Amino acid sequence: MNDAPPPQDPWVAFGRVAGGVIFYGGVGFLLDRWWDTSFMVAIGVVVGAALGILTVAMAQREK
């Protein structure tokens, strides 16, 4: 019997970070269009990446 934990799928972590970047970057794009600014996409991408990394870290902590 193998009692070792299953290996982590790196695509799950990539998907979480990429999903955060795409979602919050999209929200930033829409806010840029609405407010006629040019910096909300950058903020959205950074916030999305940070939240994606946070969810990956929290998922690793639970295991």
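**Briefing: two annotated spans and the H1–H2 helix pair**

An unreviewed UniProt entry places the feature "transmembrane region" at residues 12-31 and 37-59. The structure discussed here is a predicted model. In this model, helix H1 covers residues 10-35 and helix H2 covers residues 40-62.

**Annotated spans**
- Residues 12-31 are 100% helix and 0% strand, and the end C-alpha atoms of this span lie 28 Å apart.
- Residues 37-59 are 87% helix and 0% strand, with 35 Å between the end C-alpha atoms.

**Packing of H1 and H2**
- The two helices pack at an angle of about 155 degrees, and their axes are 7 Å apart.
- Because of this angle, H1 is roughly antiparallel to H2, the cut-off for that description being over 145 degrees.
- H1 and H2 form a right-handed crossing.

**Residues at the H1–H2 contact**
- The H1 side of the contact includes Ala13, Arg16, Gly20, Tyr24, Gly25, Gly28, Asp32 and Trp35.
- Among the residues they meet on the H2 side are Met40, Gly44, Gly48, Leu51, Gly52, Thr55 and Ala59.
- By residue class, the contact of H1 with H2 comprises 15 nonpolar, seven polar and two charged residues.

**Aromatic pairs**
- The count of aromatic pairs comes to three.
- One of these is formed by Trp11 and Phe14, whose arrangement is edge-to-face, with 5.5 Å centre to centre and 85 degrees between the planes.
- Both Trp11 and Phe14 belong to helix H1, where they are three residues apart, about one turn of the helix.

Methods: Residues are numbered from 1 along each chain as its sequence is written. This is a predicted model: local features need pLDDT of at least 70, side-chain atom pairs count only at pLDDT 80 or more; totals for chains, interfaces and linings use all residues. Side-chain values use heavy atoms; hydrogens and water are left out. UniProt positions are given in the numbering used here, feature names are shortened, and annotations may be inferred rather than shown by experiment. Helices (H or I, at least four residues) and strands (E, at least two) are DSSP runs, numbered from the N terminus. Axes are lines fitted to C-alpha atoms, for helices over the stretch in contact, and angles run from 0 to 180 degrees between N-to-C directions. Angles under 35 degrees count as roughly parallel, over 145 as roughly antiparallel, 65 to 115 as roughly perpendicular and the rest as oblique. A crossing is left-handed if the near helix is turned anticlockwise from the far one by less than a right angle, and right-handed if clockwise. Contact means heavy atoms within 4.5 Å. Ala, Val, Leu, Ile, Met, Phe, Trp, Tyr, Cys and Pro count as nonpolar, Asp, Glu, Lys and Arg as charged, and the others, Gly among them, as polar. Rings of Phe, Tyr and Trp (its six-membered ring) pair if their centres lie within 6.5 Å; planes under 30 degrees apart count as stacked, over 60 as edge-to-face and the rest as tilted.
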